[in-house]
Amino acid sequence: MIRAFFDNLRLAFGTFVAHPLRTMLTLLGIMIGVSTVMTMMALLEGLRLKVNKDFSQLGANVFRVDKWPQGFRFGGGNRMNWNKIAQRPQLTVDDKRALAEHCPSVSRTGASSWQPAQRVRTGDTETQANVFIIGATVEYPELSGITIARGRMFNDTEEVDGRRVAVLGPDVADKLFPSVDPVGQEIRLKGRPYTVVGVMARRGKIMGMFNMDNQVMIPMTTFFGAYGKRRNVSISVEAKDADSVDKAMEEVIRVMRQRRDVAPTAENNFEISTNESMAKSLNDLSNVVTAATFGVCLLSLIVGGIGILNIMLVSVTERTREIGVRKALGARRLRILAQFATEAVALSVFGGLIGIGIGFGLAFLGRWMLGLYTAVPAWAVLLSVGMSSGVGLVFGIYPAARAARLDPVEAMRSE
Amino acid sequence: MLIELTDIRREYQVGTEVVHALDGVSLGIARGEWVAIVGQSGSGKTTMMNVIGCLDTPTGGRYVLNGKDVSRMNDDELADIRNKEIGFVFQNFQLLPRETSLANVELPLVYRGLSAKERREKAIAALKKVKLDNRMMHKPTELSGGQRQRVAIARALASEPSLLLADEPTGNLDSATGEEIIRLFEELHGLGHTIVLVTHEPRLAARCPRAVRLSDGKVIGDGPGQDVAWQDRAQPSAHPAEAPVAS
């Protein structure tokens, strides 16, 4: 049995060596399919690991109250009614204060609002128009995993009075003040001067895309003055300890509903999200992308399989005489079937292995050249090997069965 | 008896017509005999060769080969019988072009499930018998016609079969090389091998100790080679196919 398998394997490799170009071309389909699976899985897995890491950087025991649902949602539950959500009342700094006051299980609350795509200037240089301006209350940094690397956070007085002070993200600081200490320097936002009081510690990018270091944080009151008063805020709520998070959430929901006079039967007109729920929604997204990618890759594997089917039919036709001789000399049907099935499977597994190699190569290249966070999951390797051998077997079995059915006398007569 | 054919019939359906390729053939061949089966084309000798070689099953009658009734066996059982009992020598050699002489000779042994070492030993011994042990690593394309046929004979001998079955073994060879192959058969017969040789050439059949003549799927002659081989020529009138075609 094992001897027959190795004999068949040797025959298969003999065929590949005899037709190297044909073999390579046939492999191409499987190779492309598998390397696409591998590369995409590496990217998605990298993304997933990174997202989980990024989100766990947020403060401990902290959840958020938002007007808008966070992240993306697919399947399960009701479809989101965007119009209805848009009509929800804004969250305000008053809400933030009320939550701190009326929820016994809540230790602190913070509020933030943001304005994207701003240009930050100094007397002689400026950033690109891609800086996030964050309006924040003093509690916000600690509740969001932001630490101050140099200088200090603005204080309560500065926040309430609407002073023009700023805490820079490290990228902004590096860009504007490459050679001097930014603390104490002056920057300009929308033409108005701000004094830099601190610089945030580096945090990196969320999902490798959103740069959390390219930000400028200013007092909430100042932010309202500069960018508009009636702005919606996001409220970060810190529970007293890990055990009271659920209780704090209940209290927050009750207080918010009271403040907004929500009828007992109506749904919440705000969203509660935790680090986990945000990470989960992004994981859900990555699962959908994984499934979609998979579908595409499966198609290319099927195309590759058709290539194998085609070449195996050619191979069987070409070797009709050989099959006849083998059968005349005592090869059983199953043996011939196994010979050609082995050839087809070897062909596609060979392609699969090359594809896995290419996938690893591309994942490594992506990390090395583009700085992408990639990780090849072990299950993707196993799956690729499994799928390619499956494709070989499925598409190889018909030509092999045709070979096995040949009548030796007829077959030997063919030319 | 090594071979016992009893009232063997082989019918083919060609369209609506039934062709009797073998029409009740009974024949016995003893171990160590060298028998030629002769006949014109269409006489049924190819069907006869396929039936004796277990490549085809008769539609009627009984065929006992080496004590086993092979006339009702299925494909895989027949494959095993071919592998163990019969050494084939085909007219056009039927060697695998991509493999070396040695690998070609090993082929039936592969299907017997022997280890690589045993296969090699037996194949080398068989190639020695046909004096081609100096061409073991040559591929068929690198060999002359006579050498190819000797490789084919070595392949037939390698599995130590009870019967050597040769189909027009000199058909694709010039007369000198053909003679060389016939001598090899004579030698093998001398060593005690049972040989059945299917041919349409009377000169070849005349060299065999015994010849069986087929016509229209029936045995019409069975006796010493010299007698049966020329039977046709002696009685041309009995065979319309031999009569000159009127133009």
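**View 1. Parallel pairing of strands S3 and S8 in chain B.** In this predicted model, strand S3 (residues 34-38) and strand S8 (residues 195-199) of chain B pair in the parallel sense over five bridges. Pairing requires at least two DSSP bridges between two strands; strands (E, at least two residues) and helices (H or I, at least four) are DSSP runs numbered from the N terminus. B:Val35 has B:Val196 of S8(B) as its bridge partner. Residue numbers start from 1 along each chain as its sequence is written, and chains are lettered from A in the order in which they are written. Local features need pLDDT of at least 70, side-chain atom pairs count only at pLDDT 80 or more, and totals for chains, interfaces and linings use all residues.

**View 2. The open sheet of chain B.** Six strands are arranged in the order S6-S7-S8-S3-S9-S10, with mixed pairing. Strand S6 (86-89) and strand S10 (218-224) of chain B each have a single partner strand, so one side of each is left without a neighbour in the sheet.

**View 3. Helices H4 and H5 of chain B.** The axes of H4 (residues 116-129) and H5 (residues 145-158) of chain B come within 8 Å and cross at roughly 130 degrees. Axes are lines fitted to C-alpha atoms, for helices over the stretch in contact, with angles from 0 to 180 degrees between N-to-C directions. B:Lys122, B:Ala123, B:Ala126, B:Leu127 and B:Lys129 of H4(B) meet B:Ala154, B:Leu157 and B:Ala158 of H5(B) (contact: C-beta atoms, placed from the backbone, within 7 Å).

**View 4. The contact between chains A and B.** In this interface, 17 residues of chain A touch 18 residues of chain B. Helices H1 (2-18), H11 (320-328), H12 (333-369) and H14 (408-413) of chain A each supply at least two residues of the side of chain A that touches chain B.

Technical notes: Two residues are in contact if their C-beta atoms, placed from the backbone, lie within 7 Å.
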